[in-house]
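The structure is shown first, and the points follow.

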Amino acid sequence: MKNNFYFLLLLCCVIPSGFAQLHSISFEAIESLQGIEKRKTIVFIQTDWCQFCHAMKNTTFKNEEIIKELNTGFYFINFNAEEKRTVVFNKTTFQFKRTGNTSGTHELAIALGTINKQLNFPILCVLNSENEIIFQHSGYLKPKELKLILAKLKE
């Protein structure tokens with residue numbers, strides 16, 4: 001009986017619970033990862049106050065098919081547009097730019113997320129393996145919509 005308990009405990013620790021987890025990397029890691037394996041990079045640009053950003057994180061990016069596709073075929077970066085730390089990406093230094101006492105936007109969010117001279121969150125920006133923008137979309141994406149985009153990107 002005691003052995004069965006330990007066996008079940010071990011089984012619970014070893015066997016995955018069925019929930020996949022989306023692997024997010026940093027901008028600083030992209031260059032070395034591209035040296036190992038060339039992939040497109042999906043950058044999700046969001047803010048803490050954006051309700052559609054939170055909705056997308058809690059639905060689209062929790063979808064197991066999306067998670068599997070992103071983890072196996074792309075590099076994924078979850079980037080807060082109000083990040084205060086300096087980021088070096090693509091041999092350029094990007095910083096947080098204040099627009100008020102407590103508000104502002106990161107230069108990298110502006111560089112990657114500006115569409116028609118505007119930043120509308122959430123933003124999905126796709127980079128090729130040379131870190132060039134090949135696709136941008138602003139607004140909430142349902143899992144089905146993101147699946148179609150990912151399928152097109154793999155062609």
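This is a predicted model: local features need pLDDT of at least 70, side-chain atom pairs count only at pLDDT 80 or more; totals for chains, interfaces and linings use all residues.

1. Side chains of opposite charge can pair when their charged atoms come close. The points that follow take up individual pairs.

2. Glutamate 65 and lysine 147 meet through their side chains in a salt bridge, with an N to O distance of 3.2 Å. Glutamate 65 belongs to helix α4 (residues 64–73) and lysine 147 to helix α6 (residues 143–154), so the pair ties together parts that lie 82 residues apart in sequence. As for exposure, glutamate 65 counts as exposed at 53% relative accessibility, whereas lysine 147 is partly exposed, with a relative accessible area of 29%.

3. Is arginine 39 buried or exposed? Arginine 39 counts as buried, because its relative accessibility is 16% and the cut-off for buried is under 20%. Its salt-bridge partner is glutamate 37, and the closest N and O atoms of the two are 3.3 Å apart. Glutamate 37 is partly exposed, with a relative accessible area of 38%.

4. Arginine 85 and glutamate 83 form a further salt bridge, at 3.6 Å from N to O. Arginine 85 has a relative accessible area of 37% and is partly exposed; glutamate 83, at 24% relative accessibility, also counts as partly exposed.

5. Which residues are linked with Glu83 and Arg85 in a network of salt bridges? The network includes Glu28, which is linked with Glu83 and Arg85.

Key:
Residues are numbered from 1 along each chain as its sequence is written. Side-chain values use heavy atoms; hydrogens and water are left out. A salt bridge is a side-chain nitrogen of Lys or Arg within 4 Å of a carboxyl oxygen of Asp or Glu. Buried means under 20% relative accessible area, exposed over 50%, partly exposed in between (1.4 Å probe, protein chains only). Helices (H or I, at least four residues) and strands (E, at least two) are DSSP runs, numbered from the N terminus.
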